[in-house]
Amino acid sequence: MFGAPWICRRCMNTYLKPGRRRLIRFASNESHGSFSPVLLARARDMASEHDRLTDQTAESFDAKIQKRIGELKRVTEALREWEASQNAIQELHALLRDPTTDEELRELASEDMASTRTELDLLSQNLAASLTPKHPFEDMPCLMEIRPGAGGGEAAIFASDLLRMYKTYCARKNFRLSIMKYETSDGDNGPGGEPPLSEAILEIESPGAYGQLRSEAGVHRVQRVPATETKGRTHTSAVSVLVLPSLPATGSDGMSMSETDLNDPESDYYVNPTDVRVDVMRARGAGGQHVNTTDSAVRLTHVPTNTVVSMQESRSQHKNREKAWQVLRSRLAQARREAREDEVMKLRRGVMGVAKMGRENKVRTYNWGQQRVTDHRSGLSVYNLDDVMDGGYELDKVIDSVKTWMGEQEMQMLLAEEEEANAAPKKK
């Protein structure tokens, strides 16, 4: 067909039907859309497993196999699109190399070739993203702990600002949110007359909240002139934000999570009750006649790790005990996950070039004088600080940039693992 001496543009468009044209638009020459052979082999292995399991369940149903098929589906679809575009580029090259190809047809193919280079790069990124292992807590609700750090009263005021920012953000995202703990400390009141915040714990109950907000963990630094500053000097303060996966009341299958995870010693959420010391005491702070008259406050201490959780928000000791156990399980689950990641990180740091960004590190700066918010992981700066503090779309940009950065780092980790695994048999 391509040997015809002349083909008009309308006939060309007719020949390139939508499905076929889509494949050609993803085509590229060999210098674009390149992909690591190691990761490509991994993707093909996963696609083969997907096809084999699909054939295996054609006549019978198995829940575990279906779950695995679902995990492999994204990689399989991304790989098939990537391979189809590679095949399409070969057709374009053949068309351009054919000396009998009409000049107008050659011009169309050249235009299509140029426009698809960027698109194939995006397709390669999609394939790489599909290979990145899903975080085990990705789809879970989360707890967000906010505590002022260095900076005294200004740090407490900024902690209140961040609390309002995340509350507004969650409201815009339609995340179900409740304040599990809110404690104030003695000191000068903030600009609105509220006492300084010493600790707040938000419970964000919507599924997937942890995956959306886990990048917020770390030290948030503020640079501004405090309301109490008389000489106009800029102060620097810091607030610590910790994001933990929260154990939902029921699992995806409708069973109580206490039946599926809490009693399983292999689960991250398992806590041996004999390892926990329980203390009850009278609540402290403002609260009327109830305070200091009943033993409603609860403090849990996980002896092996010396992790301490106290709760006194409710008048009911039972409710305080239940919330304290929830926070303790979440903290221990996160610690276990981080311990496993640290073991792998020792092998990966040479590839990443940077150490792990944890809660002890500065992750973001809020500069009031420049109306600037800079994330030090992704390197993105936005100059609409008011919208960020209002939980607006500028905050979305910052969070999305960090998620992209984290995906790139995880992709480099995965590549390092695959290369090491392939090199191991050669050493033997």
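**Terms and the values behind them**

Guide: The crossing of helices α3 and α4 is left-handed, a word used when the near helix is turned anticlockwise from the far one by less than a right angle, with right-handed for clockwise. The model is a predicted one, in which local features need pLDDT of at least 70 and side-chain atom pairs count only at pLDDT 80 or more, while totals for chains, interfaces and linings use all residues. Residues are numbered from 1 along each chain as its sequence is written, and side-chain values use heavy atoms, without hydrogens and water.

Visitor: Why is α3 called oblique to α4?

Guide: The axes of α3 (residues 37-56) and α4 (residues 63-97) come within 8 Å and cross at roughly 130°. Axes are lines fitted to C-alpha atoms, for helices over the stretch in contact, and angles run from 0 to 180 degrees between N-to-C directions. Angles under 35 degrees count as roughly parallel, over 145 as roughly antiparallel, 65 to 115 as roughly perpendicular and the rest as oblique. The crossing at roughly 130° therefore makes α3 oblique to α4.

Visitor: Which residues of α3 and α4 meet?

Guide: Among them are Leu40, Ala43 and Met46 in α3, and Ile65, Ile69 and Leu72 in α4. Contact means heavy atoms within 4.5 Å.

Visitor: What makes cysteine 142 count as buried?

Guide: Buried means under 20% relative accessible area, exposed over 50% and partly exposed in between, with a 1.4 Å probe and protein chains only. Cysteine 142 has 0% relative accessibility, so it counts as buried. Cysteine 170 is likewise buried, with a relative accessible area of 1%.

Visitor: Why is glutamate 154 called buried?

Guide: Its relative accessibility is 8%, so glutamate 154 counts as buried. Glutamate 154 is found in helix α6 (residues 153-172). Leaving aside neighbours within four places in sequence, glutamate 154 is in contact with Arg224, Pro226 and Ser237.

Visitor: How do you know that β1 and β5 pair?

Guide: Two strands pair if DSSP finds at least two bridges between them. Strands (E, at least two residues) and helices (H or I, at least four) are DSSP runs, numbered from the N terminus. Strand β1 (residues 142-148) and β5 are joined in the antiparallel sense over seven bridges, with isoleucine 146 opposite valine 241 in β5. Strand β4 (residues 218-224) also runs antiparallel to β5, with seven bridges, and valine 219 has serine 240 in β5 as its bridge partner. Of the 11 residues in β5 (residues 235-245), eight are buried.

Visitor: What makes β2 and β11 the edge strands?

Guide: The open sheet of eight strands has the order β2-β3-β1-β5-β4-β9-β10-β11, with mixed pairing. Strands β2 (177-184) and β11 (381-382) each pair on one side only. The pairing of β10 (residues 372-375) with β11 is antiparallel, over two bridges.

Visitor: What is the order of the open sheet of three strands?

Guide: The order is β6-β7-β8, with antiparallel pairing. Its edge strands are β6 (276-281) and β8 (307-311), and the twist averages 15° from one strand to the next.
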